[in-house]
Amino acid sequence: MSMFSSAFKSISATNITGNYSISPDPTSTAGPWRIHDAKKKSTGKAYSVFIFDRKSLDSHGNSLGRSGASSFKRAADEVVERLRKEASSLAKLRHPNILELVEPVEDTRGGGLQFVSEAVTASLSSLLAEKDDSERSGGPGGRSSRFVVEDADGVRRRRELEIDELEIQKGLLQISKALEFLHDNAGLVHGNLTPDAVLVNAKSDWKISGLSFCSPAEGSNKPTSIQGISLSEVLNIDPRLPRYVQLNLDYSSPDFILDNNLNTSADMFSLGLLCIALYNSPHRSPLEAHGSVSTYKRLFSSSSTIPSISNKFLASGNLPRDLSTHVLPRLITRRPAQRMTAKEFQESEYFDNILVSTIRFLDAFPAKTSAEKSQFLRGLVKVLPSFPKSVMEKKLLPSLLDEMKDKELISLILQNVFKIIELLPSAKRAFGDKVRPALRETFVVPPPSSKSAPPQTHEKDPAKDAGLMVVLENMPSICKNSSGKEFKDDILPVVVTAIESPTHSLVDAALRGLTVILPVLDFSTIKNELFPVIATVFSRTNSLQIKIRGLRAFVILCGGSPDSPGDDGLDGLSGNKKSSSSSSALDKYTMQEKIVPLIKAIKTKEPAVMMAAHEVLKVVGQTADIEFIALDILPILWNMSLGPLLSLKQFQAFMDLIKSLSRKVEDEHSKKLQELTGPSNGATAAPAEDFMAFGGLTGTAFDPANGSDENDFEALVKGRSSTSKDTSHGGTFPSWDDNPPSASASAVSRSAGSPQPPTFSWSTPTATPKPGQLGAIKTQQQGSGFRTVTPDLSGFGALTPTSTQFSKPLQPAQPMQSAFPPPPLSQSHTGTSTSSINWPSGGAPAATSLSNPWASTTSSTMGQQQASSSAFGNLGSSMNSLALNAQRPMGLQPSSSSTSSFSLPPPPTTNTGGSSSFSLPPPQASAPAGGNVWATQTSKGGMGMGMGMASMAKPAMSNLQNTGMGMGMGAGAPVGNMMGMGTGMGAANNQAKPKSGLDKYESLL
């Protein structure tokens, strides 16, 4: 049964190996113990594992015989039990300066031992050996440190260990406190106080261990469970065993060896020897017995070999004056009663300096009052530069962070913490290992454990807010000593806590630090984690200061430049500052869809807020699309610019930005259009181009080229004459009853090579019309949707043709080629009304009709043709192009009884003896000969309007010519509603002064 249990025990994992990740290589040694770094698997916290391997003892007894091997085994078993006693004694003795036991001692495979303690850097003996090696090799850089170690997680690092004056003073002070506890409280004697028995932890504190020879003092009445030792047994040095498992005679007191007296003063003698060893070079005790009791006794037989003040305590190095003068003479003395106690040692002159006193106060910090703590922390900032770097990093910094549990002291503690980070050369490591986790733990509220739990609200805590303000003020140092991932995981939650704080000063400080924070974070973190918090606070706050600071934060997030230090944003000059754009932390989508709506929702009209928003829109406008600028940004700017509280300079700043963005929109959109349309369709459109004309409706624009303007049209459609500026007839135009003027057109001097008159952009080039030809009157089909103007036509006399030099028929002129095709032909069936406007009548010969739009031949019922002459030879095709429909063929003309046309007859006249260029066709067959053609039209329910214009010209001369145009409208409804338009042109000998525009037609109305 025992065999199976032993086998199971050998293969099963112990509690330590199962719960801890142990580094394979030792980081240091302490006597028989190998010290390994370890981390607890459940928490990841660092610890140290002390391992004793029994094989180190057995190797020394392999050469012994059978009898010797048996006795050696008994001796080795005694060593193992003594070491087990050492570990168990640590569990019984709890003191800040005694090594803390975490896991009790366990047996290992092969009969060894192991236990877990607090994290230990090295033993004092290893540190002294390291320093000896460094000094022998010519300084700190002479050889690589033996303390380049590998952590349990595989990370290799170098332990930076220093032993300077303050480190020694601090360590000796801590050792004396441990001895005081052993002597006065536990009634125990350490018995083997050597460098192997002193361990330095991660905080650079010196701890006592090595309690293998610990025993109650003789005559002590203190209750204890620690078993005593027999001096005779421990002084029996066994040469078969390693020296590190036996009593070290070099640090032993003569009380043990010479007097066989086990008392507490023996430890003070050993402490004196340890002090000298710390200053010696190499770092060894002044007594060297080489493990021989006889040698030790011989050393004490001569005063020259006994350390004393006369021989400078046999020190190879320089001892501090206070130590050699006041302390060592009372430690290294033959008589135990003359030695100082541990308490007296702490109060000696050796420790009477500000740095040691500071450390002593810090060690006793929990017992101090709140007033003493505050006063100490305020003064510590001034003393910190005097401390060695190692002491600050390993002693002061951890001690201060441990006290952050007291909320009232957080701000004072953090001021000293960041001062230490500033002074340390290895600040990044110290900040990452110690400070950053403490900041997150202190300021970040953990999320609720369950989803159903109500969200935690931020309540004002003045003490905690004061500490958070210190963190924000030292944000540059934090960013400098943190990587992006570290900052995101540990520091960003602290910043978010400050932004969401109800304390406005914290929010302001957090937003002010964005310029330092943003370079550390990646784009995704800024957009998804930081920006939403800022946007939420901005939209909810009622504070004017936070509004302004939030807008400035948006400027920074969009790539703008931060404000100058000390700018309060209330001077109203923000718009005049030059923005030096940096890389944007947000993308264009977030700017347009997230930030701009927030600005649009601002309700306050305070100038400071408006100008801050102006800066945001200015930066966004540099990136936004032109469509977004035109439809979103510019309306917001216009709205803000009209704020009633803005000053003139602030308004001008808005206007400058509006103009700048508008110019950007104009330039980019113009460029876009040019790229789309090509070089031929740029800004080259004709000035008078009418884009609303659809081919057939010609002549609708009031173009001076065709002699009309808007005022004349208004007089025309209202049916009243207007005052004419024509001075040739006394300043007035003749009425409907008067004779038409002999000439009412402007005299234009043209030569044979003069340019063609202007035409509509869609019309064909002008052709010279045949003189003396007028269009026949066509009735217009009336519709309910049309209004007509009916002048009084009862006073018009019959118009008879006269013989003039222009009355001879002209031959058809060849029309010019047009850049645009003529309108399509339209046919209307006989007996039905047509709604198209057909200028030339359909009965004329095709050649004549095509060459002269004024030529109008009535149907066979009219019985005759009226011809008129014109001095213009190239107007025909131009007038022909005014028709909505192309000329009808002869065979498809409708009968006069069902056709309504719109032509331009000349105004009626009674002066038949005068010369007139106008001649009306005779009425249709139903009208009496010599009757009034206007009356005939009226009798059919129609009405007519006419305007005439005569021109006198000589075709072959370049003298002044008076040209005239006539326009008339007639309406009748024998079948249906119809509209027609006609244009007539004639020429007559007249020397009247020129008129322009539609003033020539005023008398017709």
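What follows is a chat about a predicted model of one protein chain.

Biologist: I'm new to this one. How many helices and strands does the chain have?
Modeller: There are 32 helices and 16 strands in the chain. Keep in mind that this is a predicted model.

Biologist: Noted. And what share of the residues is buried?
Modeller: Of the 1005 residues in the chain, 50% are buried. The accessible surface comes to about 46,800 Å², and carbon and sulfur atoms account for 53% of that.

Biologist: What about contacts, how many of them join residues at least 24 apart?
Modeller: If you take the contacts between residues at least 6 apart in sequence, 72% join residues at least 24 apart.

Biologist: Let's talk sheets. What is the strand order in the open sheet of three strands?
Modeller: The order is β7-β11-β12, and the pairing is antiparallel. At the edges you'll find β7 (120-123) and β12 (206-208), each of which pairs on one side only. From one strand to the next, the twist averages 35 degrees.

Biologist: Which helix packs on that sheet?
Modeller: That's α6, residues 165-186, and it touches β11 and β12. The direction of α6 makes about 30 degrees with that of β12.

Biologist: New topic: aromatics. How many aromatic pairs are there?
Modeller: The count comes to 14 aromatic pairs. Take Trp-33 and Phe-50: their ring centres are 6.5 Å apart and their planes sit at 75 degrees, so the pair is edge-to-face.

Biologist: Where in the chain are those two?
Modeller: Trp-33 is in strand β3 (residues 33-40) and Phe-50 is in strand β4 (residues 46-52), so to speak distant parts of the chain, 17 residues apart.

Biologist: Is Trp-33 buried or exposed?
Modeller: Buried, because its relative accessibility is 2% and the cut-off for buried is under 20%. Phe-50 is buried as well, with a relative accessible area of 2%.

Biologist: Which other ring does Phe-50 form a stacked pair with?
Modeller: With Phe-115: the two are 4.8 Å centre to centre, with 5 degrees between the planes. Phe-115 lies in strand β6 (residues 113-118) and Phe-50 in β4, so this pair ties together parts that are 65 residues apart in sequence. Phe-115 counts as buried too, at 0% relative accessibility.

Biologist: So which residues do the ring pairs link into a cluster?
Modeller: Trp-33, Phe-50, Phe-52 and Phe-115 are linked into a cluster by ring pairs.

Biologist: Which ring does the charged end of Lys-547 sit over?
Modeller: The ring of Phe-538, and the charged end is 4.3 Å from the ring's centre.

Biologist: Last one. Where is Leu-557 found?
Modeller: In helix α24, which spans residues 544-557. Leu-557 counts as buried, at 0% relative accessibility. The C-alpha atoms of Leu-557 and Leu-586 are separated by 6.0 Å, and these two residues are 29 residues apart along the chain.

Notes: Residues numbered from 1 in each chain as written. Predicted model: local features only at pLDDT ≥ 70, side-chain atom pairs only at ≥ 80, totals over all residues. Heavy atoms only, no water. Pairing = 2+ DSSP bridges. Helix = DSSP H or I, 4+ residues; strand = E, 2+ residues; numbered from the N terminus. Axes fitted to C-alpha atoms, helices over the stretch in contact; angles between N-to-C directions. Contact = heavy atoms within 4.5 Å. Phe/Tyr/Trp six-rings, centres within 6.5 Å; stacked < 30°, edge-to-face > 60°. Buried < 20%, exposed > 50% of the residue type's maximum accessible area, 1.4 Å probe, protein only. Lys NZ or Arg CZ within 6 Å of the ring centre and 35° of its normal. Areas by Shrake-Rupley, 256 points an atom, 1.4 Å probe, with all protein chains shown as cover.
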